[in-house]
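Visitor: I'm new to this one. Could you walk me through how to read it, feature by feature?

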Amino acid sequence: MIDDTIVAISTAQGIGAISIVRLSGQEAIDIVSKIFKGKDLHKVHSHTINYGHIINPDDNSIIDEVLVSVMRSPKTYTTEDIVEINCHGGPLVTQKILELLLTLGARLAEPGEFTKRAFLNKRIDLAQAESVMDLIEAKTEEALSVAVNTLDGRVSRLIKELREEILGIIATIEVNIDYPEYDDAIVMSNEILKPQIIDILQKLEHILEAAKTGKIIRDGIKTVIVGRPNVGKSSLLNRLMGEERAIVTDIAGTTRDLIEGYINIGGVVLNLIDTAGIRDTKDIVEQIGVERTKKVINEAELILLVLNNNEPLTKDDYALLELTKDKKRIIIINKIDLESRIEKDKLPFHIETSMLADEARDIIEAEIKRLFQLGDIKNKDLTYISNSRHIAKIRNAYDSLRDALQAIEEAMPVDIVEIDVKDAWMRLGEILGEEVGENLINELFSKFCLGK
Amino acid sequence: MYDIIAIGGGHAGCEAALAPARMGLKVLMITSNIKRIAHLSCNPSVGGPAKGIVVREIDALGGEMARNTDKSQIQMRLLNTGKGPGVQALRAQADKVDYPRNMQETLFKQENLTILEAMVDDLIVENNIAKGVVLENNEKIYAKAVVITTGTYLKARIMISSETRESGPDNERPSKNLSDNLRRLGFKMMRLKTGTPARVAIDSIDYSKTIIQPGDPIPHAFSYDTTVIKPVEEQLPCYLTYTTEETHRIIRENISKSSMYGAIEHIESRGPRYCPSIEDKIVRFADKPRHQIFLEPESKYIPEIYLQGLSTSLPRDVQEQFIRTIPGLENCKIVRYAYAIEYDAIDPRQLWPTLESKLVENLYFAGQVKGTSGYEEAAGQGIMAGINAALKIQGKEPLILKRNEAYIGVMIDDLVTKGITEPYRLLTSRAEYRLLLRHDNADIRLREYGYKIGLIDEERYAKFHQKLRNIHNEIDRLKSIRINPIKTINDYLETIPSSPLRESVIALELLKRPEITYEHIIHMLNEEMRLTTEESEQVEIEVKYEGYIKKMLQQVEKFTKLEEKRIPEDIDYTKIPNLANEAKQKLSQVRPLTIGQAQRISGVNPSDIAILMVYLETYRRRGRNDE
């Protein structure tokens with residue numbers, strides 16, 4: 001716990017345009033390198049700021065455009081290697097980056113831990129020691145109350161159930177080992193183990209999927225409607241709102257973003273930003289300028305780009321297509337009831353509809369759900385895990401079980417396979433903060449009638 | 001004047017007396033009955049999962065249990081052979097006459113060791129330092145250190161149903177005064193309980209109704225130094241039978257007569273969960289139609305069979321009734337009845353990891369008296385208490401085995417850090433680095449220590465080093481040899497069966513295939529076996545499980561860093577500001593030696609550890625400023 005690498009979001013959440021994710025420890029540079037696209041951080045000079053992107057190592061998709069500061073030991077706050085990631089993509093993106101770092105082996109810093117390390121590594125003098133302890137104590141209380149609140153009862157029950165299931169497997173293996181002649185427990189073999197592990201893997205996968213959906217459902221999707229004047233942005237807005245009138249209001253969010261309205265479309269909340277641009281009859285690019293448009297698009301998580309079927313593509317259409325090309329977007333060709341003059345062959349994937357038609361809303365809803373992999377939300381179990389640390393632990397547990405499955409494929413003996421199964425069990429236990437030790441032994445003796 | 005006095009001649013006492021004597025110190029063992037030294041008072045078996053590995057660890061350190069078992073065994077089996085190398089272990093049936101006789105012979109021949117038959121009533125303690133013992137007749141014997149290994153004898157009480165009397169095991173005299181005197185010195189005592197089943201006459205059993213359980217057809221030995229192994233043909237088998245519905249009915253009807261289920265008004269003691277009585281099993285697992293009963297031979301010389309699985313504190317007539325409902329035992333003759341035994345033990349958190357007591361310096365405890373169960377657990381602590389008492393007298397650093405080094409280390413750390421609520425038994429599940437704590441590598445883990453403290457002589461040490469060299473040289477060699485995909489090789493692979501080679505492969509890589517053994521490789525290389533079985537086993541394990549072993553070693557590296565962060569012994573936890581009250585109390589009780597140990601105390605949270613570390617750093621810097 002002293003030599004591992006710790007990570008935390010060191011800016012206050014939800015405030016400020018930029019959030020900083022800070023890591024300290026031997027592996028800080030290694031870990032960040034795994035998700036950073038840009039210069040090789042191993043080779044950059046100490047105390048430099050480096051431009052690049054944070055990518056998802058699974059599919060190499062870009063998560064955020066960032067500046068990464070690398071500060072090498074010993075001239076740093078903690079005297080260890082420190083890496084700071086300046087994220088621009090808003091709180092959700094920052095959480096996602098934190099989650100990735102946790103999954104890759106960084107540990108979420110305990111309250112006051114950066115300062116604690118600074119002290120233990122002799123960076124801070126003795127006079128400050130007491131304040132360090134005060135800090136740890138105060139922050140712990142705060143963190144505890146937060147932790148208790150964030151772990152939803154349903155979530156903890158779900159994790160507990162999964163742990164029970166894994167513990168059952170472990171206990172059976174352990175009984176086979178400690179009481180080899182005891183004939184009442186089934187003899188655990190890889191053949192029996194394999195389907196059980198696959199089953200738990202699927203459940204974990206489901207939780208991870210739901211976690212993604214959960215975030216979207218809880219937080220909504222920051223959406224902007226863009227397009228030239230008179231292509232049908234207002235009709236789109238009205239069509240999306242359907243019966244639910246008057247939802248568009250001026251509610252200032254707690255963040256810098258002005259969320260101007262919420263639309264619930266089939267269980268998904270779209271947080272509309274920059275609705276002013278929609279109602280403006282003038283050429284938006286000209287009026288508010290390219291910079292402003294860029295900024296709005298950059299902030300949004302979903303772009304509804306509206307084009308007019310009845311007109312050929314203009315310079316502004318091309319500009320908007322270019323600006324949105326790396327974002328999640330839906331290109332909507334409106335007014336298909338009119339004669340088609342648009343060059344469809346020059347467009348990427350798009351949908352065609354008429355805002356006057358009733359099915360327009362359904363078509364767009366379906367496309368949003370496809371884009372965000374939401375499936376049929378109403379039929380989903382609404383148990384979501386949102387805490388980044390929890391998600392990272394579940395991912396670790398998932399990876400461990402994948403390793404266990406791999407070991408089964410390699411025909412490893414069952415007690416070797418168990419090493420990874422036990423690891424998964426411990427990772428899940430860390431979510432609940434449960435002690436490991438006696439647990440297993442209690443399970444052994446309550447489940448099996450053992451002894452001479 | 002002696003260097004060390006060991007009180008008690010059980011499995012802990014034997015090792016606690018032998019180790020220091022072999023290290024050149026003058027030792028006195030005091031036992032209440034010389035004939036009972038190293039007696040196997042419960043089941044006639046030594047070893048088993050985890051426990052068998054402890055026996056090997058004792059051997060690696062230079063103790064006696066392994067060698068003595070090899071000399072006295074009547075059956076030997078390697079358990080968990082179908083599983084991975086981390087969980088295999090030997091178990092022997094030991095002859096109840098030969099085992100103590102052979103051990104006594106070793107003790108009597110041991111230089112520097114005197115054995116006295118007497119009862120110890122009190123300790124001589126001056127300024128919180130142990131100086132010797134006071135016998136029943138008031139005679140005082142002085143020594144530099146005292147090791148208490150009195151087993152279940154402190155205020156022992158035997159119970160059969162409602163009948164209870166003061167007695168040690170098998171009607172031996174209990175120790176009546178020592179535990180009160182320990183209490184007077186300030187020790188916190190607790191009441192524990194265990195039991196032993198009935199024995200029946202060997203010729204009164206109908207074996208045709210049971211299932212025979214023979215020993216292994218290949219010879220085994222616990223000790224790394226045993227060269228002559230008893231021929232497998234001389235092994236005696238065990239037998240398996242089961243309880244019946246009728247057995248359960250009789251027990252249920254008489255349950256109120258059990259001393260554990262109401263026959264005695266006030267039972268203060270707690271029995272171990274892993275040693276439940278048959279009535280306990282039937283009550284707690286009511287839906288189980290039958291329970292296994294193993295019939296184990298006690299000795300070549302005593303015509304008695306031990307009924308493993310039938311511990312009870314029901315009255316004699318009920319025992320007669322229900323035992324006879326078991327197939328094979330219908331007409332059996334009960335030679336000795338089952339009983340439960342209750343005794344005083346100390347809370348092990350009153351000991352340092354060296355097994356020295358925190359209250360009284362130079363006073364050590366080992367075995368059942370500090371809350372464990374089992375011969376192997378007792379012996380493992382006995383040797384550590386003996387070694388550490390000797391090292392202290394010699395003015396040397398103590399030997400504390402870490403959790404990643406030995407089951408003995410796991411056990412002692414558990415005991416002194418977490419305390420107990422029932423007699424403690426070692427299980428493989430208690431070890432977090434099981435794959436490293438194997439039965440095949442106990443010597444590799446511990447022989448170096450044994451040599452350093454003077455328990456392993458030059459000859460055994462040289463032999464051990466030769467073995468290490470052979471293993472490493474062979475692994476290096478296999479890395480440098482390639483095997484080519486020629487017809488003879490591929491034909492041979494097919495017979496194993498294993499898939500044929502398409503291109504040439506490094507021998508070591510081929511050995512990584514699960515179905516390929518070291519012998520196969522040697523055959524493919526057209527060579528003679530040059531390694532011993534033990535050596536080739538090491539080569540195989542190190543190659544095949546390399547990935548897992550490496551992963552575990554990485555975990556150990558992190559773990560060790562915390563174990564190296566020492567906490568001064570004189571720290572006052574109540575003076576640490578910001579520390580949670582529960583943590584203050586628990587830390588003051590256990591007084592952990594390292595941050596790692598502190599972290600394992602239940603009720604001490606990560607934030608407490610953080611505060612403790614900051615405080616220690618402050619403390620350290622202030623100390624330096626004062627100089």
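Visitor: Let's start with a backbone angle: which residue just after α2(B) takes a positive phi?

Guide: First, keep in mind that this is a predicted model. The residue you want is B:Gly62, where phi is about 105°.

Visitor: Now for salt bridges. How many does a search of the whole structure find?

Guide: Over all chains, the search finds 89 salt bridges. Let's look at a few. B:Arg22 and B:Glu64 meet through their side chains, with N to O at 2.6 Å. That pair links distant parts of the chain, 42 residues apart: B:Arg22 sits in helix α1 (residues 11–22) of chain B, and B:Glu64 in the loop between α2 and α3.

Visitor: Are those two partners buried or partly exposed?

Guide: One of each. B:Arg22 counts as partly exposed because its relative accessibility is 24%, while B:Glu64 has 3% and therefore counts as buried.

Visitor: Where do A:Arg427 and A:Asp423 lie?

Guide: Here's the general idea: an α-helix has 3.6 residues a turn, so residues three or four places apart point the same way. In this case, A:Arg427 and A:Asp423 both belong to helix α13 (residues 414–432) of chain A and are 4 residues apart, about one turn of the helix. Their side chains form a salt bridge at 2.9 Å, N to O. A:Arg427 counts as buried because its relative accessibility is 17%, and A:Asp423, at 19%, counts as buried too.

Visitor: Which residues are linked in a network of salt bridges?

Guide: In chain B, the network includes B:Arg36, B:Lys96, B:Asp170, B:Glu172 and B:Arg336.

Visitor: On to the two chains together. How many residues does each chain bring to the contact?

Guide: Chain B brings 63 residues and chain A brings 54. Between them about 5100 Å² is buried, with carbon and sulfur atoms giving 59% of that area. The chains share 5 salt bridges. One joins A:Glu181 to B:Arg77, with the closest N and O atoms 2.9 Å apart. Several elements of chain B each supply at least two residues to the side that touches chain A, including β4 (73–79), α17 (546–563) and α20 (606–626). Of the chain B elements, α20(B) gives the most to that side, with 14 residues.

Visitor: What does the side chain of B:His220 make a polar contact with?

Guide: Its partner is the side chain of B:Asp216, at 2.9 Å. The B:His220 side chain also reaches the backbone oxygen of B:Ile218 at 3.5 Å. As for location, B:His220 lies in the loop between β14 and β15 of chain B, and it counts as buried because its relative accessible area is 12%. Leaving aside neighbours within four places in sequence, its contacts include B:Gln73, B:Met76 and B:Arg77.

Visitor: Last one: which residues form a nonpolar patch on the surface?

Guide: Look for A:Ile49, A:Tyr51 and A:Leu67, which together have about 310 Å² of accessible area. A:Tyr51 is placed in strand β4 (residues 48–56) of chain A, and its 48% relative accessibility is why A:Tyr51 counts as partly exposed.

Definitions and conventions. Residues are numbered from 1 along each chain as its sequence is written. Chains are lettered from A and ligands numbered from 1 in the order in which they are written. This is a predicted model: local features need pLDDT of at least 70, side-chain atom pairs count only at pLDDT 80 or more; totals for chains, interfaces and linings use all residues. Side-chain values use heavy atoms; hydrogens and water are left out. Patches are made of residues with over 30% relative accessible area and no salt bridge: like charges are joined within 9 Å, nonpolar side chains (Val, Leu, Ile, Met, Phe, Trp, Tyr) within 5 Å. Accessible areas come from the Shrake-Rupley method with a 1.4 Å probe; for residues, only the protein chains shown count as cover. A salt bridge is a side-chain nitrogen of Lys or Arg within 4 Å of a carboxyl oxygen of Asp or Glu. Buried means under 20% relative accessible area, exposed over 50%, partly exposed in between (1.4 Å probe, protein chains only). Contact means heavy atoms within 4.5 Å. Buried area is the accessible area (1.4 Å probe) that two parts lose on being put together, summed over both. A polar contact is a pair of N or O atoms within 3.5 Å; within protein, one must be able to donate a hydrogen and the other to accept it, and residues adjacent in sequence count only if both atoms are side-chain atoms.
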